[in-house]
Amino acid sequence: MNKNNIGVKILGTGSCFPSKILTNNDLEQIVNTSDEWIKSRTGIKTRRISGSNEPTSELAYKASVEALKNSHICPEQLDLIIVTTITPDMLFPSTACLLQKKLGIHAIPAFDLSAACSGFIYGIAVAKSFIESGLYKTILLVGSEELSKITDWTDRTTCVLFGDGAGAMILTAAPCENTNILSVFLGADGSYSNLLYIPAGGTLHPTTQETVIKKMHTIKMQGKRVFKIAVMKMSYAAKKALELSGKKIKDLQLFIPHQANMRIIEAVAKKIGVSMNKVFINIYKTGNISSATTITALDEAIRTGMLKQGDIVELIAFGSGFTWGATVLKI
Ligand code: UT7
C-alpha cells in the first residue's frame with residue numbers, strides 16, 4: 001500500500017518482431033560455428049533481424065500500436081512514454097521522442113531509460129513510482145532493441161547470441177487493492193562494467209577512424225564470467241521480489257527469466273527451486289533481445305493463454321552494468 005492509495009493496472013501488452021529470420025545454419029556460413037554448438041551451449045535456434053530501414057523506434061511503434069489496441073485506448077490518452085533501450089536510433093534525441101512523433105501525439109513527456117537487459121524491469125519500477133505518486137496516470141512503457149546492429153558479425157563468441165524485437169505495456173492508475181504490480185526489486189554493480197560493454201561511440205572514446213577499424217562499436221563480452229554472475233544475481237533478485245510480494249513459489253503460475261542462455265535459465269530455476277515446467281522459454285526463436293526480452297515473453301504468454309486473468313507471474317532480468325531486477329505481477 002502506498003500513501004496515495006493508488007495502484008497500477010496493466011491495461012494491455014503488445015510486441016513486434018522483424019520478419020527476417022536468421023538460423024544457426026545461416027550463421028555457419030558467416031563464422032566458424034555449428035548449429036550443434038549453438039543449440040547445446042545456448043538453446044538458440046533462430047533469431048529475428050531488423051532491416052536497414054527498420055530502426056528501433058519502428059519496432060517500438062509497432063509494438064506500441066498492438067499494446068494500445070489490446071488496451072482499448074488511443075495515443076491521446078497517454079500521459080508519458082518511456083522506452084528502455086541500449087540500441088537507440090541515435091544518441092539523441094531519445095527513441096521515446098521519435099516514438100511519440102510516430103504515434104502522432106505531442107507535448108507529453110518522453111524519455112529513454114538505459115539499464116541494458118534489465119531495462120524493462122527498471123522501467124516497471126519507474127512507471128509504478130510515477131503512477132503511485134499521482135504525477136502521471138497512463139504510461140506507455142516499451143522495451144525495443146536491435147542488437148543485430150551493434151554486433152560484430154566476425155566474432156563467433158557473441159554474434160550467435162543476439163536478436164531484435166520490441167514489446168510494449170500500457171500501465172494506468174487503479175484502486176490500490178486492484179494493483180497488478182505486487183513487487184519490484186532492482187540492483188546494480190558498476191564494478192563489473194568491463195565484462196559486457198561497447199567500448200566506443202560515447203565520450204570516453206568518441207568515434208574516430210581508429211575506433212571503427214578496431215571494431216570498438218560492437219558488443220564485447222567475457223561470456224563465462226557474465227554467465228556465473230548472471231545465475232547468482234538473477235536467483236537473488238527472483239527471491240527478493242518474491243519476498244517483497246508476500247507470495248511463495250507455489251503461488252506463481254509462471255516465471256519469465258531473461259532469455260540469454262538456456263543453461264543460465266536452468267541454473268536459475270534450480271537455484272530458486274522452480275520446476276522447469278513453470279518456466280517460460282522462447283530463447284530458441286528469439287535469442288537475447290536485451291530489455292525487450294521479458295516484455296515480449298510476457299506478451300506471448302498472455303496471447304497464447306499460458307497466463308490468464310488473476311495468474312501471478314515473475315519477470316527476472318540481468319544485464320550489462322551489471323544490472324539486475326525482478327518483478328512479481330498479478331495479471
Ligand atoms: O544478456 C546479458 C547476459 N549475457 C549472458 O548472460 C551471456 C552469458 N554467457 C554465455 O551465455 C556463455 O558464456 C556463452 C554462450 C557466451 C559461451 O558459452 P561457454 O560455454 O561459456 O563457452 P566458452 O566461452 O567457454 O567457450 C568454449 C569453447 C571455446 O573454444 P576452446 O577455447 O575450448 O577451444 C570457444 O572458442 O567454445 C568456443 N566457442 C564456439 N564454438 C563454436 C565460442 N563460441 C563459439 C561458437 N561456435 N559460436
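**View 1. Tyr236 is partly exposed in this predicted model.** Its relative accessible area is 41%, where buried means under 20%, exposed over 50% and partly exposed in between (1.4 Å probe, protein chains only). Residues are numbered from 1 along each chain as its sequence is written, and side-chain values use heavy atoms, without hydrogens and water. Because the model is predicted, local features need pLDDT of at least 70 and side-chain atom pairs count only at pLDDT 80 or more, whereas totals for chains, interfaces and linings use all residues.

**View 2. The structure contains five aromatic pairs, one of them between Phe111 and Phe130.** Rings of Phe, Tyr and Trp (its six-membered ring) pair if their centres lie within 6.5 Å; planes under 30 degrees apart are stacked, over 60 edge-to-face and the rest tilted. Phe111 and Phe130 are edge-to-face, at 6.4 Å centre to centre with 70° between the planes. Phe111 belongs to strand β5 (residues 110-113) and Phe130 to helix α5 (residues 119-133), distant parts of the chain 19 residues apart. Helices (H or I, at least four residues) and strands (E, at least two) are DSSP runs, numbered from the N terminus. Phe111 is partly exposed at 28%, and Phe130 is partly exposed at 22%.

**View 3. Phe185 and Tyr236 form an edge-to-face pair.** Their ring centres are 5.6 Å apart, with 80° between the planes. Phe185 is in strand β8 (residues 181-188) and Tyr236 in helix α8 (residues 223-245), so the pair ties together parts 51 residues apart in sequence. Phe185 is buried, at 15% relative accessibility.

**View 4. Phe111, Phe130 and Tyr136 form a cluster.** Ring pairs link these residues.
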